[in-house]
Amino acid sequence: MTQRTILLLILASSISHGTATRPRSIDSIRIHATTITENSKLPLTLVTKRDAGIRATVHIPGKLTRAVVLFDGDKIHLIQELTEEGSIQELNGNDAAVNLFEMLMITPEFHFNSEELGYQTSILDQYKVELLRDEIATPTGNEQQPSVANLYIKTDSQLKLLRTIKYVEFFKKRDSPYYQPKKIKFTDHTNTSSGEIIINEVSYNSGIPDFIFKLPKSIQP
């Protein structure tokens with residue numbers, strides 16, 4: 001099965017960094033980023049909210065079209081607005097796991113509690129998500145900073161590596177409890193393709209409504 005991801009699926013407010021001190025109690029995050037591959041350079045918007053879900057939107061510049069990957073805490077859907085009617089379909093298997101992994105790992109420490117994912121979802125039942133950290137020295141002592149994230153599929157009691165995300169650069173931490181990536185490199189181990197995500201802006205607790213994590217009524221599966 002071809003794996004469609006938020007980084008490639010079209011082509012194959014706020015307290016922000018640099019403007020104000022961030023709150024320690026964070027309920028939601030809004031990301032504006034750019035995804036770069038060998039064949040494309042596309043704007044990406046990602047919003048995530050506790051107990052609501054994650055929504056990633058890929059835009060085609062200059063055109064009124066977009067694709068949305070929507071995780072509601074239970075299922076994950078691909079919404080394509082490439083025609084007047086649009087289309088929607090539930091993702092399963094590797095398609096679902098890879099998309100969810102990539103969305104989680106754009107804001108890894110928001111979703112991980114110590115070394116474990118902070119919640120359970122059946123989408124990842126046959127997979128293992130791994131977040132590795134490096135110990136770094138800070139003025140207040142040593143801290144654990146995310147370094148690499150891996151997604152494995154479990155096959156015959158073995159693990160097969162599907163995706164790797166490497167964290168290259170971070171925003172200045174300041175008063176946030178999180179290390180927020182600023183530059184990410186990703187590798188697809190099924191075809192050795194790779195690319196980058198450059199995160200341009202991060203906003204916290206910007207009043208994200210719950211309804212944006214629900215399927216649109218105007219488009220039926």
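Predicted model: local features only at pLDDT ≥ 70, side-chain atom pairs only at ≥ 80, totals over all residues.
## The protein at a glance

Let us start with the whole chain. The protein has 221 residues, and 48% of them are buried. Its secondary structure consists of 2 helices and 14 strands.

## Helix 1

Find residues 93–104, and you are looking at helix 1, which is 12 residues long. From the first C-alpha to the last, helix 1 reaches 17 Å, close to the 16 Å expected at 1.5 Å a residue.

How many of the residues of helix 1 are buried? The count is 10 of 12, so this helix is mostly covered. The buried residues include D95, N99 and E102, along with A96, V98, L100, F101 and M103. Keep E102 in mind, as we will meet this residue again among the salt bridges.

## The nonpolar cores

In soluble globular proteins, nonpolar side chains tend to be buried together. Here, the largest nonpolar core contains 49 residues. Which residues have the most contacts inside this core? They are I76, L100, M103, M105 and I199. Helix 1 gives the most to the core, contributing 7 residues. There is also another core, lying apart from the largest one, with 9 residues. Among its members are V47, V68, L70 and F213.

Leaving out residues up to four places away in sequence, L100 touches I54, F71, I76, Y119, T121, I123 and L124. One of these, I76, is also on the list of residues with the most contacts inside the largest core.

## A hairpin of two strands

Next, look at strand 10, residues 127–138, and strand 11, residues 141–155. These two strands form a hairpin, with 2 residues between them. They pair in the antiparallel sense over 12 bridges. As an example of this pairing, L132 has V148 in strand 11 as its bridge partner.

K128 lies in strand 10, and Q145 lies in strand 11. Is each of them buried or partly exposed? Q145 has a relative accessible area of 18%, which is under the 20% cut-off, so Q145 is buried. K128 has a relative accessibility of 35%, so K128 counts as partly exposed.

Their contacts can be traced too, again setting aside residues up to four places away in sequence. Q145 is in contact with L132, R133, D134, I136, F170 and Y179. K128 touches N150, L151, Y152, K154 and L159. K128 and L161 are 33 residues apart along the chain, and their C-alpha atoms are separated by 9.3 Å.

## Salt bridges

Side chains of opposite charge can pair when their charged atoms come close. In this model the count comes to 5 salt bridges. R163 takes part in a salt bridge with E102, at 3.5 Å from N to O. R163 lies in strand 12 (residues 158–170) and E102 in helix 1, so this pair ties together parts that are 61 residues apart in sequence. Both R163 and E102 are buried.

R163 also forms a salt bridge with D188, where the closest N and O atoms are 2.8 Å apart. Because D188 lies in strand 13 (residues 181–188) while R163 is in strand 12, the pair ties together parts that are 25 residues apart in sequence. R163 has a relative accessibility of 3%, and D188 is buried as well, at 6%. Together, E102, R163 and D188 are linked in a network of salt bridges.

## A pair that is partly exposed

Another salt bridge joins the side chains of K183 and E196, at 3.8 Å from N to O. K183 is in strand 13 and E196 is in strand 14 (residues 193–204), so the pair ties together parts that are 13 residues apart in sequence.

How values were computed
Residues numbered from 1 in each chain as written. Heavy atoms only, no water. Helix = DSSP H or I, 4+ residues; strand = E, 2+ residues; numbered from the N terminus. Expected span 1.5 Å × (residues − 1). Buried < 20%, exposed > 50% of the residue type's maximum accessible area, 1.4 Å probe, protein only. Core = buried A, V, L, I, M, F, W, Y, C linked by side-chain atoms within 4.5 Å. Contact = heavy atoms within 4.5 Å. Salt bridge = Lys/Arg side-chain N within 4 Å of Asp/Glu carboxyl O. Pairing = 2+ DSSP bridges.
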